[in-house]
Each structure stands twice: as C-alpha cells, then as structure tokens.
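Subject: Structure handover

Hello,

Here is the structure I promised to pass on. Please open it first, then read my notes below.

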Amino acid sequence: WYPRDITPPAGTRYPCALTALPRSLPGIPESDRRYVNHVYTLLLRATQAKLVLLAALAGPQDLEAAHARYRERLTELSGRLAKEPVPSGLEAFHADLGAALALQQQFFAAAVPARGSGRSLADIYAIPAGRSASQRLIAAWGRMQARYPSWPPETRDSVYHHLCALDLF
C-alpha cells in the first residue's frame, strides 16, 4: 500500500524530516511488515489531510469545506485502521494510533468553529484534545522503539517521523 511518492499536498509541508518507509522494512520481522506497511500508509494519508486542514485554519480558505473533506477522509482512514489485522504484541500501539486519530478529530471539531469565530491560532493550539492526541502518538513511538530495538537508523527515523508529522505540535 505504501506509496512511492510522499510529497505533501500543494501549499503544505511536513513539519519534520519525513522520509518514505524503506521498501523492505529492515529490522521489522516479516510477520509485522504487512501491518506496518498498511498502518503507515494510513498515517501518511491522515497526515496529509491534517496538513490541508491546518493550512485552512491559518489562511483564507473555506474552513468549513476543508473541515468536511478532512472529516470524510479521516472517517475512511480510521475505519480502515480499525479493520487492519493487528499482529500479536502490537495491540497497544494500534490502540494508541486509533485514539490519536480520534483525538485529532475532536481537536479539529473544536478548532474550526473557534477559528471561524475569530479565535487566534494560539487559542486553537490550546485545545486539550490536541495535546492528548500528541501524547498518544508519543506513546505509540515508545511502543515501536520497544518492539524493534535493533532496527537500522533508516527504518527508525522514517517510523519516528511519520508519527512526528502526524502530531500537531
């Protein structure tokens, strides 16, 4: 599933040094590779949807339309994540990802009307669901590090930066 091209949507950029997942996923056991490939594809797509909505929050775009597109995309991606078979030992990681996506959706559900009513971006980033989503992504990263302690730097860095790019902070 993982795409060859991870270019961010037009007019956006990743907030960190996101690199594509290595094709063979060195350091990831064969039994986990399908899951990691699928889940990180979904995370990349969720990140791209987040970037577009963040750009709308900061600029003059039609915020309601951008939010509607985001909700539709995240509903699809979250549904696919929920259906993905989880290898034994990755259940807590999977739960963290699902919770982080749900919390980001809550964040944007509060952020869009707040921004529409003139609240500053500083006020928007103070919405608690955003910090909670970030904490779940940090927990997910810790779980990945613990699961694959001997993976090579290229795999580790890509996995980390996918979670970093999805984060709001």
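Glu-76 forms a salt bridge with Arg-80, and their closest N and O atoms are 3.3 Å apart. Keep in mind that this is a predicted model. Both residues sit in helix H2, which covers residues 63-83. They are four residues apart, so about one helical turn separates them. Glu-76 counts as partly exposed, at 36% relative accessibility. Arg-80 is partly exposed too, at 32%. The pair is part of a network: salt bridges with shared partners join Arg-73, Glu-76 and Arg-80.

How many salt bridges does a search of the whole structure find? The count is nine. Two others are worth a look.

One is in helix H1, residues 30-58. Glu-30 forms a salt bridge with Arg-33, with 2.8 Å between the closest N and O atoms. These two residues are three apart in H1, about one turn of the helix. Glu-30 is exposed, with a relative accessible area of 61%. Arg-33 is partly exposed, at 26%.

The other salt bridge joins Arg-147 to Asp-32, and here the closest N and O atoms are 2.8 Å apart. This pair links distant parts of the chain. Arg-147 is in helix H5 and Asp-32 is in helix H1, 115 residues apart. Is Asp-32 buried or exposed? Asp-32 counts as buried, because its relative accessibility is 1% and the cut-off for buried is under 20%. Arg-147 counts as partly exposed, at 29%.

Now the helix packing. Two packed helices are described by the angle between their axes and the distance between the axes.

Take H3 and H5 first. H3 spans residues 91-116 and H5 spans residues 128-147. Their axes are 8 Å apart, and the packing angle is about 160 degrees. Angles over 145 degrees count as roughly antiparallel, so that is how H3 and H5 run relative to each other. H3 passes H5 in a left-handed crossing. On the H3 side, the residues that meet H5 include Ala-92, Phe-93, Leu-97, Leu-103 and Phe-107. On the H5 side, they include Ala-129, Gly-130, Ala-133, Leu-137 and Met-144. By class, this contact has 14 nonpolar, four polar and three charged residues.

H1 and H3 also pack. Their axes come within 12 Å and cross at roughly 10 degrees. Which way does H1 run relative to H3? H1 is roughly parallel to H3, because angles under 35 degrees count that way. Among the H1 residues in the contact are Tyr-35, Val-39, Leu-43, Lys-50 and Leu-54. From H3 come Phe-93, Leu-97, Leu-101, Gln-104 and Phe-108, among others. This contact divides into 15 nonpolar, two polar and two charged residues.

Last, find Gln-104 in helix H3. Gln-104 is listed in the contact with H5 and in the contact with H1. Gln-104 counts as buried, at 1% relative accessibility. What does Gln-104 contact, leaving aside neighbours within four places in sequence? Its partners are Lys-50, Tyr-70, Ala-133, Leu-137, Leu-166, Asp-167 and Leu-168.

Best wishes

Methods: Residues are numbered from 1 along each chain as its sequence is written. This is a predicted model: local features need pLDDT of at least 70, side-chain atom pairs count only at pLDDT 80 or more; totals for chains, interfaces and linings use all residues. Side-chain values use heavy atoms; hydrogens and water are left out. Axes are lines fitted to C-alpha atoms, for helices over the stretch in contact, and angles run from 0 to 180 degrees between N-to-C directions. Angles under 35 degrees count as roughly parallel, over 145 as roughly antiparallel, 65 to 115 as roughly perpendicular and the rest as oblique. A crossing is left-handed if the near helix is turned anticlockwise from the far one by less than a right angle, and right-handed if clockwise. Contact means heavy atoms within 4.5 Å. Ala, Val, Leu, Ile, Met, Phe, Trp, Tyr, Cys and Pro count as nonpolar, Asp, Glu, Lys and Arg as charged, and the others, Gly among them, as polar. A salt bridge is a side-chain nitrogen of Lys or Arg within 4 Å of a carboxyl oxygen of Asp or Glu. Buried means under 20% relative accessible area, exposed over 50%, partly exposed in between (1.4 Å probe, protein chains only).
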